[in-house]
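This report describes the fold of one chain, its contact with a partner chain, and several local features. The structure is shown first, and the description follows.

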Amino acid sequence: MSAEQIRKLVVLAAIWAALLLAPYWMVPLGGYTALATRVLVLGLAAMSVNFLLGFTGVLSFGHAAYFGLGAYGAGLTLKFLAASTPLALVLGMLLGGVCGAILGTLIVRRRGVYFAMVTIAFGQVFYYIAFQWSSLTGGDDGLRGFSRQPIDFGLFKLDILSSANNFYYFVLFCFALVAGAMAFILRSPFGRTMIAIRENERRARFLGIPVERHIWIAFTLSCFFMGFAGALYALVNNFADPRGLHYSQSGDFVMMAVMGGMRSFWGPLLGAAVFVVLQDYLSSITVNWMSFVGLLFVLVVLFFPRGLLGFLQRSKA
Amino acid sequence: MNVLEINNVTKRFGNLVAVRDVSLNVAKGEMCAIIGPNGAGKTTFFNLISGFFPPTSGNIVFDGRDITRLSTHERVTRGMARTFQITEIFPELTVFENVRISAEVAGGYRLRPWISRSEAAKLHAIVEGTLKLVSLEGKADRLVGELAHGDQRAAEIAMALALKPHLLLLDEPTAGMGDQETFQVTQLIRRLHRESNYTIVLIEHDMRVVFHLADRICVLDQGRMLAQGTPQEIAANETVQAAYLGNAA
């Protein structure tokens, strides 16, 4: 094994160790377990945005729509269909993913700014549907009246509602599954065609890659991941909110990805951690917390254009 | 047998006729050079062949099948590879990774979420063989964006070769190069033609390169095919001299 591979393994082990032990080191540092859970879920969403932005090179500014659809999918399942957490997750993911797949066929015909604009427009369509369809979604008040259910393993039931630690480990398990799937895809021949498209679309086309079709697949996969993250988010809050579909939420995800480092796999998770922790801390001091997060974002983009993680990697090398 | 048959192709952009009623046949194993003054329609002609846009009229037959309305990537899948006047590569990937993407697409793996060890080994061998062919085997792990211009061109050609093309289209392969690099790339193209029997169509500005390499030269002028022939015939052709060589040399 080369020194580079060993270094990568050590970093990976450190990341997973930090995640696995989070409930134990966060509390002494003044945090709380539910905060770590939020970081995981929003980090997963930012990683899904980055699956497109950092590895396919197309910027979706409407990804919160699929996140919100996942949340409503999970919430509506628990409220009206069945008291099953796994089913809620699967249906939430499907709702986000299938809507993404359908709209993706239209979205991938455009590039650059136009791509971003079309994603915003479709995203806002879902936002207004969630906002207006009060009888189903609860409208502006959001969807209430459901809660995450214990996971039934047959022999025993895992209580994820009242035990914050149990729930954290359940979310970490889900996070690991999806992050693993993303990493697996990125290392595959298909993943390399995504990177080819990011690096040079014309060259990719002239290697015989049907670029639109590949961007569509990447977009659809990312919407499935996003739907899954959204479903988890509904479980975190026992609540789904139309603001979860709004384009400002999409902007937050893009911000997390860019701040953390969009060329690195783990960057968006770090970005989400910084965002969520700052939000938690600053919003207890001032209602204008966003201006401080925004200031940090501007500083990162100006001085570390590769993001926080990109900067750390660069200085280590 | 003809690899490429272009029949009476015309391309209009509004009022401008960029390519006017041009026909060209390219036989298997042949190296055909397209020359002409600036604005003669050479690049438009190339873009018609490789499928950037469809012709206004006329048709294009490749390997015996009409490809006039096929998209770019479908033409590539049928065995047509091209390079560009301004090198098109994946600058932030290594030479090896650049060529591997090409080999994976050509091998039909582009939609695969995984490949087996034996498939990976096979691809590895293809990439190494291709890099050897263009003399880049010692630079496999370098980032393409950091290489000298001539080596970038060689890498771009390697990506085209890894597609196992029946026809190689080279758009000004020595554009913007110094003498040393021009020589290096010319030698490479010559080897591909003479030793590996690739069928090649190239656009070229550098007359030394053209007369040194080509079996046949086609002269375009104001979108029309002015003359076709061996380098000797073209050199002796008075219309060509008047239109092009006269004021170029």
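## Overall form of chain B

Two residues are in contact if their C-beta atoms, placed from the backbone, lie within 7 Å. Among contacts in chain B between residues at least 6 apart in sequence, 65% join residues at least 24 apart. The model discussed here is a predicted one.

Chain B contains 9 helices and 10 strands. Its C-alpha atoms fill a box of roughly 60 × 40 × 35 Å along the principal axes. For 249 residues, a compact globule would have a radius of gyration near 18 Å, and the value of 18 Å for chain B agrees with this. Buried residues account for 46% of the 249 residues in chain B.

## The antiparallel sheet of chain B

Strand S1 (residues 2-13) of chain B runs antiparallel to S2(B) and is joined to it by 8 bridges. Within this pairing, Leu4(B) has Val26(B) of S2(B) as its bridge partner.

The loop between S4 and S5 of chain B holds Asp63(B). Asp63(B) has a positive phi of about 55° although it is not a glycine. This residue is partly exposed, with 16 other C-beta atoms within 10 Å.

## Parallel pairing around strand S8 of chain B

Strand S8 (residues 200-203) of chain B has parallel partners in S3(B) and in S7(B).

In which directions do the residues of strand S8 of chain B point? Ile200(B) and Leu202(B) point one way, whereas Val201(B) and Ile203(B) point the other way, and all are buried.

## Helix H3 of chain B and the contact with chain A

The contact between the chains involves 24 residues of chain B and 18 residues of chain A. On the side of chain B that touches chain A, helix H2 (72-77) and helix H3 (95-106) of chain B are the elements that give two or more residues. By class, this side of chain B has 14 nonpolar, 4 polar and 6 charged residues.

H3(B) has 12 residues and reaches 17 Å from its first C-alpha to its last, close to the 16 Å expected at 1.5 Å a residue. Is this helix, H3(B), mostly covered or mostly exposed? It is mostly covered, as 12 of its 12 residues are buried. Among these buried residues are Phe96(B) and Ile101(B), together with Glu97(B), Arg100(B) and Glu104(B). The buried residues of H3(B) pack against helix H9 (189-199) of chain A as well as helix H4 (117-133) and helix H5 (149-161) of chain B. H3(B) is followed by Gly108(B), whose phi is positive, near 80°.

In chain A, helix H3 (residues 33-53) has 21 residues and reaches 30 Å from its first C-alpha to its last, close to the 30 Å expected at 1.5 Å a residue. H3(A) is mostly covered, with 19 of its 21 residues buried.

The loop between helix H11 (211-237) and helix H12 (247-260) of chain A includes Asn238(A), and Pro242(A) lies in this loop too. Asn238(A) has a positive phi of about 50° although it is not a glycine. Asn238(A) is partly exposed, with 15 other C-beta atoms within 10 Å, whereas Pro242(A) is buried, with 25 other C-beta atoms within 10 Å. Leaving aside neighbours within four places in sequence, Pro242(A) is in contact with Tyr127(A), Ala130(A), Phe131(A), Thr137(A), Asp140(A) and Gly142(A). The C-alpha atoms of Pro242(A) and Ile160(A), 82 residues apart along the chain, are separated by 25 Å.

Notes: Residues are numbered from 1 along each chain as its sequence is written. Chains are lettered from A and ligands numbered from 1 in the order in which they are written. This is a predicted model: local features need pLDDT of at least 70, side-chain atom pairs count only at pLDDT 80 or more; totals for chains, interfaces and linings use all residues. Two strands pair if DSSP finds at least two bridges between them. Helices (H or I, at least four residues) and strands (E, at least two) are DSSP runs, numbered from the N terminus. Ala, Val, Leu, Ile, Met, Phe, Trp, Tyr, Cys and Pro count as nonpolar, Asp, Glu, Lys and Arg as charged, and the others, Gly among them, as polar. A residue is buried if 20 or more other C-beta atoms lie within 10 Å of its own, exposed if 12 or fewer, and partly exposed in between; C-beta atoms are placed from the backbone. The radius of gyration is taken over C-alpha atoms; the globule rule is 2.2 Å times the number of residues to the power 0.38. The expected span of a helix is 1.5 Å times one less than its number of residues.
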